[in-house]
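Please look through the sequence and the three-dimensional structure shown here before reading on.

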Amino acid sequence: MSDAPTEHTADPAAPAAELTLSPLGIEHLAAVLDLGHRVYDTDAMPYTGWSLSAVAGHLDAPDPACLVLLDGDRVAGFVLGSLSFEQRADWGYLEWIAVDPAYQGRGAASRLVKECCARLAAAGAVCVVTDVERRNTASAELMRRNGFAEEAAVSLFVRPLTDAPAAQAGRARDTSAPRRHLTRAAAERIR
C-alpha cells in the first residue's frame, strides 16, 4: 500500500447537483483564468478575458458572489459577481461566467447564475445586470432561462489607429496589457 494520497478522478458526466459549489479562493485563480481563456474568444470581444489582478481583486469583495463549481479539485465552472454596477450601488453585476465544455449541458451554468444572483440579492442588490456578446447565443439563452431580459443594446465602436495590415485584419492588441471588462474600467475612470 502506498503512502501517496489518492487522486480524485474528475467525472465530467456527473450532474451539476453532484458538483460542489464553493467560494472563489486563491487556490482557484489559475484554473479560473485558464478556463475563462479556453471558453471565450477574446479576439471577438476584447473584454471577454480577464487578467490575474482583475480576477484576484474579487477575493477582497465584502459580499462574496464569486463562486467555483468543483468536481473534486477540478474547477468545472465559475462565476464572478459583484455588488454595484457602474454608479448603482444597489445593482449586482454578473461579470464573468464559464463552464468547462466537458460539464456543459448538465445545468452547471444555471446553478452558478442562480447562486450568484441569490448572494447578490442577500447583499442588497435590487437587480442583477450582465452583458453578453451578440454572437454568443448560448450565453444569451442561459440568461433568458434564468430570468434576465434584454433591456439595452450597446455597440462597441472600434477605430484602428494604424494602417498596419495586422491591426486592420485582427485589430491587434497588446496582449501584455491587463484585460478588464470595458464597462467596469469605464466606471472606475469616472470615480
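Lysine 114 has its place in helix α3. This is a predicted model, and the values in this report are computed from it. With a relative accessibility of 54%, lysine 114 counts as exposed, because a residue is called exposed when that value is over 50%. Although lysine 114 and asparagine 146 are 32 residues apart along the chain, their C-alpha atoms are separated by 7.2 Å.

Arginine 111 is also found in helix α3. Its relative accessible area is 25%, so arginine 111 is described as partly exposed. Between the C-alpha atoms of arginine 111 and glycine 77, which are 34 residues apart along the chain, the separation is 10.0 Å.

## The second largest pocket

Which elements each supply at least two residues of the lining of the second largest pocket? They are β4 (88-99), α3 (108-122) and α4 (137-145), and the largest share, four residues, comes from α4. The volume of this second largest pocket is about 330 Å³. Its lining consists of 18 residues, and those that lie nearest the centre are Gln104, Ala109, Ala138, Ser139 and Leu142.

Is cysteine 66 buried or exposed? Cysteine 66 is buried, because its relative accessible area of 4% is under the 20% limit. Cysteine 127, with a relative accessible area of 28%, is partly exposed.

| Residue | Relative accessible area | Class |
|---|---|---|
| Cysteine 66 | 4% | buried |
| Arginine 111 | 25% | partly exposed |
| Lysine 114 | 54% | exposed |
| Cysteine 127 | 28% | partly exposed |

## The chain as a whole

The protein chain contains six helices and five strands, and from the N terminus on these elements run in the order β-α-α-β-β-β-α-β-α-α-α. Of the 191 residues in the protein chain, buried residues make up 38%. The protein chain exposes about 11400 Å², and carbon and sulfur atoms supply 53% of that area. Among the contacts in the protein chain with a separation of 6 or more, 69% are accounted for by residues 24 or more positions apart.

Technical notes: Residues are numbered from 1 along each chain as its sequence is written. This is a predicted model: local features need pLDDT of at least 70, side-chain atom pairs count only at pLDDT 80 or more; totals for chains, interfaces and linings use all residues. Side-chain values use heavy atoms; hydrogens and water are left out. Buried means under 20% relative accessible area, exposed over 50%, partly exposed in between (1.4 Å probe, protein chains only). Contact means heavy atoms within 4.5 Å. Accessible areas come from the Shrake-Rupley method with a 1.4 Å probe; for residues, only the protein chains shown count as cover. On a 1 Å grid over the protein atoms alone, a cavity is a set of points where a 1.4 Å probe fits but cannot get out, and a pocket is an open set with protein on both sides within 12 Å along at least five of seven lines; lining residues have an atom within 4 Å of a point. Grid points are joined across faces, edges and corners, and a volume is the space filled by probe spheres set on the points.
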